[in-house]
Amino acid sequence: MKLFRRMFVMAALAVMATGSASAQERGTTEQAQAMVKKGIAYIKQVGKEKAFAEFANASNKDFHDKDLYLFVYDLNGVNLAHGANPKMQGKVLLDMKAGDKFIIREMIDTVNKKGSGWVDYPWPNPVTKALEPKSSYVEKHENYLVGCGAYK
């Protein structure tokens, strides 16, 4: 019985340690917003073609940190860059739904009305692969939006 208890306690501690390690691997909303600002500054510095390529380059740690990555859409819903799934690039994703929301439409509406803001929706976490609540900060720059989301 003591062996069973000891194994149970060790398993519980392992689960708790894994949970705290996972929490440390999550980016915050503040970090997501800062990454968008950094991405827009980078676009201004090197131009959108080079910047978009770096946003999609998973080995570029400036734009890929923990579970944070940048994405870019034009105002017609065409993906111009995606840090977690480069296969999305060039696709019109205006009708893409997450839960009951047309998220790209909502992002475009947010930047057109306010210039920047937050959009909440469920999204697959590229680290855990689970569908999780996410809040993305989006900001309009020229004729497109740059965004980054943090899982809650």
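R26 is partly exposed, with a relative accessible area of 26%, where partly exposed denotes the range between buried (under 20% relative accessible area) and exposed (over 50%), computed with a 1.4 Å probe on protein chains only. The model is a predicted one, in which local features need pLDDT of at least 70 and side-chain atom pairs count only at pLDDT 80 or more, while totals for chains, interfaces and linings use all residues. Residues are numbered from 1 along each chain as its sequence is written, and side-chain values use heavy atoms, with hydrogens and water left out.

**Salt bridges**

R26 forms a salt bridge with E132, and their closest N and O atoms are 2.7 Å apart. A salt bridge here is a side-chain nitrogen of Lys or Arg within 4 Å of a carboxyl oxygen of Asp or Glu. R26 lies in the loop between helix 1 (2–24) and helix 2 (29–46), whereas E132 belongs to strand 7 (residues 131–141), so the pair ties together parts that are 106 residues apart in sequence. Helices (H or I, at least four residues) and strands (E, at least two) are DSSP runs, numbered from the N terminus.

| Salt bridge | Closest N and O atoms |
|---|---|
| R26 and E132 | 2.7 Å |
| D109 and K113 | 3.3 Å |
| D120 and K152 | 3.3 Å |

D120 lies in strand 6 (residues 116–124) and K152 in the segment after strand 8 (144–151), so this pair ties together parts that are 32 residues apart in sequence. D120 is partly exposed at 34% relative accessibility, and K152 is exposed at 58%. D109 and K113, by contrast, both lie in helix 4 (residues 103–114), four residues apart, which is about one turn of the helix. D109 is partly exposed, with a relative accessible area of 37%, and K113 is exposed, at 65%.

**The chain and helix 3**

The chain has four helices and eight strands. From the N terminus on, these elements run α-α-α-β-β-β-β-β-α-β-β-β. Of the 152 residues in the chain, 39% are buried. Among contacts (heavy atoms within 4.5 Å) between residues at least 6 apart in sequence, 49% join residues at least 24 apart.

In helix 3 (residues 48–56), the buried residues are A51, F52, F55 and A56. These residues cover an arc of only 135 degrees around the axis, which puts them on the same side of helix 3; the arc is that of the directions from the helix axis to the C-beta atoms. The buried residues of helix 3 pack against helix 2, strand 1 (64–65), strand 2 (68–74), strand 3 (79–82) and strand 8.

**The cavity**

The structure holds one cavity of 30 Å³ or more. On a 1 Å grid over the protein atoms alone, a cavity is a set of points where a 1.4 Å probe fits but cannot get out, and lining residues have an atom within 4 Å of a point. About 70 Å³ of space lies in the largest cavity. Its lining consists of Y69, F71, Y73, H82, M96, I103, I104, M107, Y121, W123 and K134. Strand 2, helix 4 and strand 6 are the elements that give two or more residues to this lining. The lining residues of the largest cavity divide into nine nonpolar, one polar and one charged. Ala, Val, Leu, Ile, Met, Phe, Trp, Tyr, Cys and Pro count as nonpolar, Asp, Glu, Lys and Arg as charged, and the others, Gly among them, as polar.

Definitions and conventions:
On a 1 Å grid over the protein atoms alone, a cavity is a set of points where a 1.4 Å probe fits but cannot get out, and a pocket is an open set with protein on both sides within 12 Å along at least five of seven lines; lining residues have an atom within 4 Å of a point. Grid points are joined across faces, edges and corners, and a volume is the space filled by probe spheres set on the points.
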